[in-house]
Amino acid sequence: MVNTLGLLLGLGMALALVGLHLLKGTSKPVPEDIASEVLEQRASTVPETDFPEPYNRSIGGGGGAGAVAGGAAEGELEEESEEDEGFDPESIPEDEVEYYEIEFVKEGETIEVANNESILDAGEEEGWDLPYACRQGQCLSCGGRVASGEDASEFIRHTNNETLSDDEMEKGYMLTCTAHPTTSFSVETDETP
Ligand code: FES
């Protein structure tokens with residue numbers, strides 16, 4: 001009789017413990033979707049960029065940072081080229097136009113060229129058959145050179161230069177179609193690097 005009572009008590013306690021364990025085990029809320037929670041946490045560590053999804057996320061944090069840095073570098077380049085090519089000859093008021101003596105060495109003449117006029121246009125007005133193609137600073141057909149071989153940027157300003165490097169300009173080369181004089185000098189037409 002005692003043994004039966006003890007057995008029943010032991011069984012009852014065991015059931016109570018199991019029940020308690022189950023209650024404790026389920027008392028902690030389980031996230032509905034652990035996978036999406038982890039993805040959201042990872043996504044929050046990736047810097048935001050202008051790139052559309054999914055490229056932004058697929059390249060990871062480092063790539064995202066690289067993309068942001070790349071965008072900044074591009075912006076700087078744009079700024080630099082804007083500064084370099086910001087010259088607009090049409091914005092010079094008529095009473096502020098200046099004229100310079102430009103010697104065309106190969107043509108054997110010196111003419112006055114206004115700073116709102118290109119070297120090529122001025123030469124053509126004299127009736128000279130000077131080389132050109134695009135007339136927009138995008139090729140090398142109209143190439144000319146400061147006769148002294150000095151840095152061309154000390155004598156002209158380009159409205160657009162998409163072909164000559166800084167090194168080439170330092171050697172005196174210019175694109176006569178977009179080159180406007182800033183002082184008097186001698187030019188050799190039909191000269192390219
Ligand atoms: S004609 Fe093309 S750059 Fe001058």
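## A chat about strands, a core and some loop residues

Visitor: In strand 7, what is the bridge partner of Phe104?

Guide: The partner of Phe104 in strand 7 is Val187. Before going further, please note that this is a predicted model, in which local features need a pLDDT of at least 70 and side-chain atom pairs count only at pLDDT 80 or more, while totals for chains, interfaces and linings use all residues. Residues are numbered from 1 along each chain, in the order in which its sequence is written.

Visitor: And how many helices and strands does the chain have?

Guide: There are 6 helices and 7 strands in the chain, where helices (H or I, at least four residues) and strands (E, at least two) are DSSP runs numbered from the N terminus.

Visitor: What order do the strands of the open sheet have?

Guide: The open sheet has 5 strands in the order 2-1-7-3-5, and its pairing is mixed; two strands are said to pair if DSSP finds at least two bridges between them. Strand 2 (109–114) and strand 5 are the edge strands, each pairing on one side only. From one strand to the next, the twist averages 40°, an angle taken between N-to-C directions on a scale from 0 to 180 degrees, with axes that are lines fitted to C-alpha atoms (for helices, over the stretch in contact).

Visitor: Strand 1 and strand 2: parallel or antiparallel?

Guide: Strand 1 and strand 2 pair in the antiparallel sense, over 6 bridges. Ile102 has Ile111 of strand 2 as its bridge partner, and Tyr99 stands opposite Ala114 in strand 2. The hairpin of these two strands has 4 residues between them, and Gly108 takes a positive phi near 75° there.

Visitor: OK, and how many bridges join strand 1 to strand 7?

Guide: Strand 1 and strand 7 run parallel and are joined by 3 bridges, and Glu103 stands opposite Ser186 in strand 7. Strand 3 is also joined to strand 7 by 3 bridges, in an antiparallel run, with Arg145 standing opposite Glu188.

Visitor: Changing topic, which residues have the most contacts inside the largest nonpolar core?

Guide: They are Ile102, Ile119, Ala152, Met174, Leu175 and Val187, in a core of 21 residues. A nonpolar core is a set of buried Ala, Val, Leu, Ile, Met, Phe, Trp, Tyr and Cys residues joined through C-beta atoms within 7 Å. Strand 1 (99–104), helix 5 (119–125), strand 5 (173–175) and strand 7 (185–189) each supply at least two residues of this core. As background, nonpolar side chains tend to be buried together in soluble globular proteins.

Visitor: Which residues is Leu175 in contact with?

Guide: If we leave aside neighbours within four places in sequence, Leu175 is in contact with Gly137, Cys142, Gly143, His158, Asn161, Thr163 and Leu164, where contact requires the C-beta atoms, placed from the backbone, to lie within 7 Å.

Visitor: Is Gly143 buried or exposed, and why?

Guide: Gly143 counts as buried because it has 23 C-beta neighbours inside 10 Å. The cut-offs are 20 or more other C-beta atoms within 10 Å for buried, 12 or fewer for exposed, and partly exposed in between, with C-beta atoms placed from the backbone. Gly143 is found in strand 3 (residues 143–146), and with neighbours within four places left out, its contacts are Tyr173, Leu175, Glu191 and Thr192.

Visitor: What percentage of the residues in the chain is buried?

Guide: Buried residues make up 19% of the 193 residues.

Visitor: Where does Arg135 lie?

Guide: Arg135 lies in the loop between helix 5 and strand 3, and it has a positive phi of about 60° although it is not a glycine. Arg135 counts as partly exposed because it has 17 C-beta neighbours inside 10 Å.

Visitor: And what is phi of Asp190 near?

Guide: Phi of Asp190 is near 55°, which is again a positive value in a residue other than glycine. Asp190 is placed in the segment after strand 7, and it is partly exposed because 13 other C-beta atoms lie within 10 Å.

Definitions and conventions: Contact = placed C-beta atoms within 7 Å.
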